Amino acid sequence: IVLACMVVCLGVHVPTAAYAAQALRVAVAELRNEDGGVKPTELAYLTDQIRSQAASVLPAERFLVMTRESIVALLPPNVKLSDCAKGQCEVEIGRTIGADYIVTGEVLSLDEEFRLNLKVHHCGSGAFLGGQRLRGQRIGQLEAALDTACAELFGLVMEHAGLKPKRVAVEGGVRGDDLIVLADQVVVRD
């Protein structure tokens, strides 16, 4: 009764099984770090930030952002979402878990700075929709630039799904003059 009142009286959207079946599913794979220069907790944190941005940028009535737990539960035994480095393998894992879109990425330590490379693929067609590259001297700088980079990345997903991307204001941390945007690359200055 309380739930029915919330839906009718307050207009609260409660996801149903029918909604979940119709929504486009977006999976964010765990970020990889092959060179060992980034702690696993930092990778997990950045991955969670990307998932959070997906949930805030993508309209909830059209997209379902898959949780880490739901992704792990849908994977075949002995397979990790971070196992694949090449686009085709990423797409295959996305299909296996029932995702319509999959976001993958890697954090590297190069020339005394961190680089984050994010990619998004459409799992049905295998199409590479685009990517974002960020760099900074500290992990915190990558985090600060994620809002802008994710708005652009998930804008590509929205466009592919036939929706007009919405503009997301960057809150706190990074001012406009701290970001340098060069084509698909976001650079955070000190």
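Me: In which strand of the protein chain is confidence lowest, and in which is confidence highest?
Reply: Confidence is lowest in strand S6 (residues 179-182), with a mean of 38, and highest in strand S2 (residues 63-65), at 97. The score is pLDDT, the predictor's confidence in each residue, from 0 to 100. Strands (E, at least two residues) and helices (H or I, at least four) are DSSP runs, numbered from the N terminus. This is a predicted model, in which local features need pLDDT of at least 70 and side-chain atom pairs count only at pLDDT 80 or more, while totals for chains, interfaces and linings use all residues. Residues are numbered from 1 along each chain as its sequence is written, and side-chain values use heavy atoms, leaving out hydrogens and water.

Me: What is the average pLDDT of the protein chain?
Reply: The average is 79, and 72% of the residues score at least 70. Over residues 168-190 the pLDDT is below 50.

Me: How many bridges pair S4 with S5?
Reply: S4 pairs with strand S5 (residues 128-136) over eight bridges, in the antiparallel sense. Arg 115 has Arg 135 as its bridge partner in S5. This hairpin has five residues between its strands, with Gly 126 in the turn at a positive phi of about 80 degrees.

Me: Why is S4 described as largely enclosed?
Reply: Eight of the 10 residues of S4 (residues 113-122) are buried, so the rest of the structure largely encloses this strand. Buried means under 20% relative accessible area, exposed over 50%, and partly exposed in between (1.4 Å probe, protein chains only).

Me: Why is Cys 123 called buried?
Reply: Its relative accessible area is 1%, and the cut-off is under 20%, so Cys 123 qualifies. Cys 150 is also buried, at 0%.

Me: How many disulfides does a search of the whole structure find?
Reply: The search finds zero; a disulfide would be a pair of cysteine sulfur atoms within 2.5 Å.

Me: Where does H6 bend?
Reply: H6 bends by about 45 degrees at Leu 146, the bend being the angle between axes fitted to the seven residues ending there and the seven starting there.

Definitions and conventions: Pairing = 2+ DSSP bridges. Contact = heavy atoms within 4.5 Å.
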